[in-house]
Amino acid sequence: MKRVLRVLQSTADNIAAAMLAAMFVVFLVQIISRYFFNMPLAWTEEVCITLWLWLVFWASAFCLKEKDHIKFDVLYSVSPRKAQRIMALIAALGIAGAMAYSFLPTWDYISFYKIKKSANLRIRLNYVFSIYGLFIAVIVIRYSWSALTQVFPRLHSLFNDESPS
């Protein structure tokens, strides 16, 4: 199972890197077109913005690990292990609960955007913003799993080599 997760993690990282590389190439095309040929291209800005949106939510959902996030953990760090687990459980349940609560209204709003298209490339906006729905779903799963590992610490070792937080 750990091997499968490593392959999936590597694939997610490669997809994020490909989006970043594509965004960089499109940005260079815009610079060359605008400043060397005096012919700005409208579609490049739209592609860069869309790729940036997808990159941020893709990487946040699939590439970043819990330890990669910035935390204000002064109180957490000085607390005993049992108190840390309780705080982590409360935080995980709060995040998973809030994101789960927001999923259906958010998905409804994203679905509403099927009637609109982007200005230049004419891509339906529900496709553009669908990454946020995926992001919410993954965050709910990740923090639900985090809550479970606080209640049942042995679950953590099934998928991770690190100690539970």
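Here is a walk through the structure above, from its core out to its loops, charges and cysteines.

A word on ground rules: this is a predicted model, so local features need pLDDT of at least 70 and side-chain atom pairs count only at pLDDT 80 or more, while totals for chains, interfaces and linings use all residues. Residues are numbered from 1 along each chain as its sequence is written, and side-chain values use heavy atoms, with hydrogens and water left out.

Let's start inside. In soluble globular proteins, nonpolar side chains tend to be buried together. Here the largest nonpolar core has 24 residues, and Trp58, Met99 and Phe135 have the most contacts inside it. A nonpolar core means a set of buried Ala, Val, Leu, Ile, Met, Phe, Trp, Tyr and Cys residues joined through side-chain atoms within 4.5 Å; buried is under 20% relative accessible area, exposed over 50%, and partly exposed in between (1.4 Å probe, protein chains only). Two or more residues of this core come from each of α1 (2-36), α2 (42-63), α4 (81-112) and α5 (125-151).

Zoom in on Trp58. Setting aside its neighbours within four places in sequence, Trp58 is in contact (heavy atoms within 4.5 Å) with Ala12, Ile15, Ala16, Met19, Cys63, Ile131 and Leu134.

Now for the loops. Most residues other than glycine have a negative phi. Asn38, though not a glycine, has a positive phi of about 50°. Asn38 lies in the loop between α1 and α2, and it is exposed, at 68% relative accessible area. Over in the loop between α4 and α5, Arg122 also has a positive phi, near 60°.

What about charges? Side chains of opposite charge can pair when their charged atoms come close. Take a salt bridge as a side-chain nitrogen of Lys or Arg within 4 Å of a carboxyl oxygen of Asp or Glu, and the count comes to one. Lys71 pairs with Glu66, their closest N and O atoms being 3.7 Å apart. Lys71 is partly exposed at 40% relative accessibility, and Glu66 is partly exposed too, at 30%.

Last, the cysteines. With a disulfide defined as a pair of cysteine sulfur atoms within 2.5 Å, the whole structure has zero. For Cys48, the nearest cysteine sulfur belongs to Cys63, 19 Å away. Cys48 is buried, at 15% relative accessibility, and Cys63 is buried as well, at 14%.

Methods
Helices (H or I, at least four residues) and strands (E, at least two) are DSSP runs, numbered from the N terminus.
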